[in-house]
Amino acid sequence: MMRPALVAADGVTPLFGQASASAQPMHRGAETRSQALSNWNPPGASADMAALRERRLIANRAEDLARNNPIAIAAITRLVDMIVGAGLRFSSKPSAAALGITRDQALDLGKQIERELARHANDPRKRWDAQRKVSANGLYRLMARSFVKLDEACVVATWREGQGPYETAFLAVDPERLANPTWKSDSDTLRGGVEIDGYGAPVAYHIRNRHPGDGFGSGVSWERVPRETAWGRPVFCHVFEPEREDQNRPISPFAALMPILRMKGTLSELELAAAAVNAMYATYIKSNLPFAEVAASMEPEAFNSATNSYADKRLDFYEAAPVKIGGVRVPVLPVGDEISMAGQGRERAGMGEFDDIFNDQIAARMGMSRQQVLMNFAKLNYSSSRTVLNETWRMVRRKVASFVEQGPIPMALCVVEEAIDKGYIRMPPRCRPLWDEPAGWMAGRWIGPGRGWVDPVKEAESASLRMETMVSTLEMECAEQGLDYEEVLDQIQREEAEITSRGLTRATVISRIAARSAQADPAEETTAP
């Protein structure tokens with residue numbers, strides 16, 4: 001049975017999928033005649049086309065903001081402190097099931113991995129860094145700063161022969177050095193210095209020998225750096241997480257903020273300049289005499305005329321016997337003169353609210369609150385502080401995960417491989433090799449800066465309650481504060497042994513502390529009735 005055709009009132013059969021030119025759009029976002037959307041026709045572009053065409057200019061402007069704009073500098077500093085802070089540490093928990101070993105063997109293997117990573121990362125001779133400038137955490141902070149500022153960071157795993165127990169070293173590379181060799185145009189296999197295969201997976205990176213703005217030296221060359229070796233050891237780590245499909249290079253997160261930051265900076269400079277002008281020209285003397293009389297009084301012969309003798313005598317009198325009120329001299333001016341203030345009455349009542357609007361937009365784009373960017377918590381109470389901290393911490397955890405997955409984990413893989421090859425790490429019997437099960441070997445938690453406490457008493461009680469109700473663990477609570485629970489327990493064990501050896505208990509220590517406090521402040525003592 002055939003489906004009957006739809007016939008319009010005029011006898012013409014309409015075609016499905018075709019809309020009349022006068023038909024209203026199905027979505028308001030597709031309006032072309034409204035005042036708000038009539039001139040809005042953005043070009044359609046792929047992720048790489050949108051980023052690579054303007055990436056260099058955006059990166060240069062982001063670097064300028066990071067040098068000269070106080071708000072941008074504060075936002076970058078806060079995020080680096082929250083992602084890396086004092087340092088990142090790896091709490092190793094190898095997967096016994098994935099590696100085919102027992103739980104006890106996995107625990108011992110994890111301790112060996114932690115020991116060897118800390119041994120190389122904390123080397124006071126700074127041999128983790130190929131340039132021998134910073135420690136491992138210093139290199140992480142440098143990478144995090146680039147990651148926050150440009151949304152990408154680059155590091156190369158190098159090999160420095162004979163430099164010590166570990167010859168693996170890491171060289172941080174400015175992302176601006178990642179570029180197509182000899183300024184070739186982007187193509188299907190080369191995008192912004194990234195060489196990709198048929199699936200779009202990076203296989204190599206092309207690095208200039210110096211920054212485009214580096215005026216030192218002469219000659220420009222490129223080096224092709226493979227992504228990894230034939231057996232899987234990372235060589236070039238591109239710390240970058242795509243925001244769109246088929247994206248190979250990012251754009252700075254400050255791109256959307258640049259007009260706001262630029263205009264806000266200009267407005268602040270103009271306000272400061274206006275205030276400075278008002279301060280420089282604070283007062284002036286005004287006369288109410290007619291202009292002709294003032295001009296005539298300035299003539300040389302006018303000072304000898306009889307018309308000024310009375311005024312001169314008055315000034316001489318006040319000069320000889322000045323009038324004072326409360327020890328402060330009262331100024332006496334010539335007849336007809338008065339002092340006026342030159343300050344312009346500028347409208348600043350709404351300046352604070354106006355400024356907060358821009359600061360909120362800047363902070364929201366960076367995933368923080370205005371109070372955190374400006375370090376001004378004066379108007380926050382405990383509840384609002386916790387809300388701000390919770391929302392920011394959710395963003396920080398995502399940022400940390402993205403940063404660690406692309407940077408520190410591949411770097412740690414290189415060190416663990418060398419430790420195994422040199423016998424620093426002893427593999428358990430029948431354990432699967434590193435490159436057969438890298439996820440099983442590198443399972444664990446990366447511990448960064450602590451979340452912090454708004455009210456230590458309330459939050460300590462909350463942590464205790466969470467552990468008692470088994471919705472949290474000591475490991476989780478310690479990690480939230482940037483601590484390794486095993487180190488905490490080991491330290492508590494040592495302290496308990498030391499307290500016991502001295503014939504003390506924690507209750508004794510607390511009572512002695514209370515007694516000392518009472519002696520220091522007798523007013524705090526209470527007497528029994």
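**Exercise 1. How many of the 15 residues of α6 are buried?**

Solution. This is a predicted model, so let's go step by step.
- Start with the cut-off: a residue is buried when its relative accessible area is under 20%.
- Next, list the residues of α6 that are buried: Ala136, Asn137, Gly138, Leu139, Tyr140, Met143, Ala144, Ser146, Phe147, Val148, Lys149 and Leu150.
- That makes twelve of the 15, so α6 is largely enclosed by the rest of the structure.

**Exercise 2. Work out what span α6 should have, and compare it with the model.**

Solution. 
- Helix α6 covers residues 136–150, which is 15 residues.
- The expected span is 1.5 Å times one less than the number of residues, which gives 21 Å for α6.
- In the model, the end C-alpha atoms of α6 are 21 Å apart, so the two values agree.
- Now look just past the helix: Asp151 has a positive phi of about 70°.

**Exercise 3. Find which residues touch the most other members of the largest nonpolar core.**

Solution. 
- This core holds 69 residues, and the answer is Phe403 and Trp441.
- Helix α3 (residues 70–83) gives the core its largest share, nine residues.

**Exercise 4. Describe the protein as a whole: what are its secondary structure and its buried share?**

Solution. 
- The protein has 18 helices and 13 strands.
- Of its 529 residues, 33% are buried.

Terms used:
Residues are numbered from 1 along each chain as its sequence is written. This is a predicted model: local features need pLDDT of at least 70, side-chain atom pairs count only at pLDDT 80 or more; totals for chains, interfaces and linings use all residues. Side-chain values use heavy atoms; hydrogens and water are left out. Helices (H or I, at least four residues) and strands (E, at least two) are DSSP runs, numbered from the N terminus. Buried means under 20% relative accessible area, exposed over 50%, partly exposed in between (1.4 Å probe, protein chains only). A nonpolar core is a set of buried Ala, Val, Leu, Ile, Met, Phe, Trp, Tyr and Cys residues joined through side-chain atoms within 4.5 Å.
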